[in-house]
Amino acid sequence: MKVLGDIKYPHILYEKNRMSLLKSLPKQISLWHLNLFLLVAKWLSFNRAAQELGISPGYVTKCIHSLEKALDTKLFVRTTRQVMLSKSGEFFFIKVKEILGDVEDAILGINALQDVASGNLRISCNAYFGQHHLAPVLSLMERQSPGLNIWLDLTNQQNDLIADDIDIDIRIGSAKEPHLVAYKIASSFRVLCASPLYLKRQGTPQELDELNNHNCILYRPREESMGLWRLTDSRNASESKLKVKGSLSSSHSDVVKTWAVKNHGIALLPVWSVASELASGVLVRVLPQYQQSADIIAVIKNQEKKTQLIRTCVDFIKTHLQASLPQMNSYD
């Protein structure tokens with residue numbers, strides 16, 4: 001047959017069209033440009049695309065302008081009120097979406113054929129949790145995956161995953177950045193506690209408002225406000241916000257725990273941080289019906305949400321952390 005028409009061989013013509021588009025792309029156009037174009041076209045907003053990727057709107061505008069210059073056509077019609085796809089932009093959107101879908105499928109297919117637990121992995125976490133709970137899990141993961149190279153960054157400052165090139169950030173709480181994706185690793189809580197000697201000297205509070213009469217040792221995790229305690233009553237699930245004060249404060253939970261053990265006041269700490277002290281009686285629960293939610297989450301960059309290595313490692317961390325962390329009801 002002389003002509004491969006779309007009736008007898010539609011799949012061949014379809015593939016030829018896509019290959020033709022790929023070959024015709026100028027060399028200065030990268031997959032980054034195509035992904036960025038797709039995101040702006042999806043939201044019809046340069047600001048929304050910039051927010052989702054964690055970059056500046058000006059940089060988005062510059063990249064789209066470079067793409068339009070390379071293609072010698074306008075992809076968007078921009079006014080002061082709205083952004084719309086041009087005719088060329090509508091055609092390009094359909095084709096680019098198909099191409100990038102194929103690229104993603106190819107990457108996932110290659111990952112599935114290879115040893116997925118191999119490669120370089122950069123993980124960040126707060127200092128105490130990373131040292132005492134995450135590090136043993138990563139040790140086990142490395143032993144089971146000899147091809148995996150792990151860098152663990154322990155810091156009490158919140159990292160910028162893009163700027164700091166972090167693959168997985170293990171956090172306590174939630175992820176507020178719109179360009180990040182969070183997966184819950186384990187349920188956990190913070191509990192009020194103090195030493196028996198402190199309570200003997202100062203008295204044991206029976207109601208929340210009595211905390212205003214006590215020296216509260218302030219632990220400020222990297223993502224939260226200083227001295228603002230959000231406590232949930234386990235009897236009726238009601239939440240109370242309490243602004244407390246004290247003479248000692250730190251961003252390191254181990255320091256706060258040491259001060260509590262040394263009779264300085266009442267602390268609000270993660271149950272996994274004070275598990276052994278509560279079990280031994282060195283510290284005791286204060287107002288045990290109250291607790292603060294502090295779920296453990298794994299945060300990754302949005303564009304990496306489907307990579308096999310990241311997904312496998314997050315699942316491994318989740319499975320082994322859930323098995324090793326102390327349970328809340330052990331100290332009720």
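**Exercise 1.** Is the crossing of H2 and H3 left-handed or right-handed? Find these helices in this predicted model and describe how they pack.

*Solution.* Step one: locate the pair. Helix H2 covers residues 31-43 and helix H3 covers residues 46-53. Step two: look at their geometry. The axes are 8 Å apart and meet at an angle of about 125°. That angle makes H2 oblique to H3, because angles from 65 to 115 degrees count as roughly perpendicular and those over 145 as roughly antiparallel. The crossing is right-handed. Step three: look at the side of each helix that takes part. From H2 come Trp32, Leu36, Leu39, Val40 and Trp43, which meet Phe46, Arg48, Ala49, Glu52 and Leu53 of H3. Of these contact residues, 8 are nonpolar, 2 are charged and none is polar.

**Exercise 2.** Which strands pair with S14, and in which sense?

*Solution.* Start at S14, residues 290-293. Strand S7 (residues 189-194) pairs with S14 in the antiparallel sense over 2 bridges; here arginine 190 has glutamine 292 as its bridge partner. Now turn to strand S9 (residues 228-233), which also runs antiparallel to S14 and is joined to it by 2 bridges. In that pairing, aspartate 233 stands opposite tyrosine 290.

Methods:
Residues are numbered from 1 along each chain as its sequence is written. This is a predicted model: local features need pLDDT of at least 70, side-chain atom pairs count only at pLDDT 80 or more; totals for chains, interfaces and linings use all residues. Side-chain values use heavy atoms; hydrogens and water are left out. Two strands pair if DSSP finds at least two bridges between them. Helices (H or I, at least four residues) and strands (E, at least two) are DSSP runs, numbered from the N terminus. Axes are lines fitted to C-alpha atoms, for helices over the stretch in contact, and angles run from 0 to 180 degrees between N-to-C directions. Angles under 35 degrees count as roughly parallel, over 145 as roughly antiparallel, 65 to 115 as roughly perpendicular and the rest as oblique. A crossing is left-handed if the near helix is turned anticlockwise from the far one by less than a right angle, and right-handed if clockwise. Contact means heavy atoms within 4.5 Å. Ala, Val, Leu, Ile, Met, Phe, Trp, Tyr, Cys and Pro count as nonpolar, Asp, Glu, Lys and Arg as charged, and the others, Gly among them, as polar.
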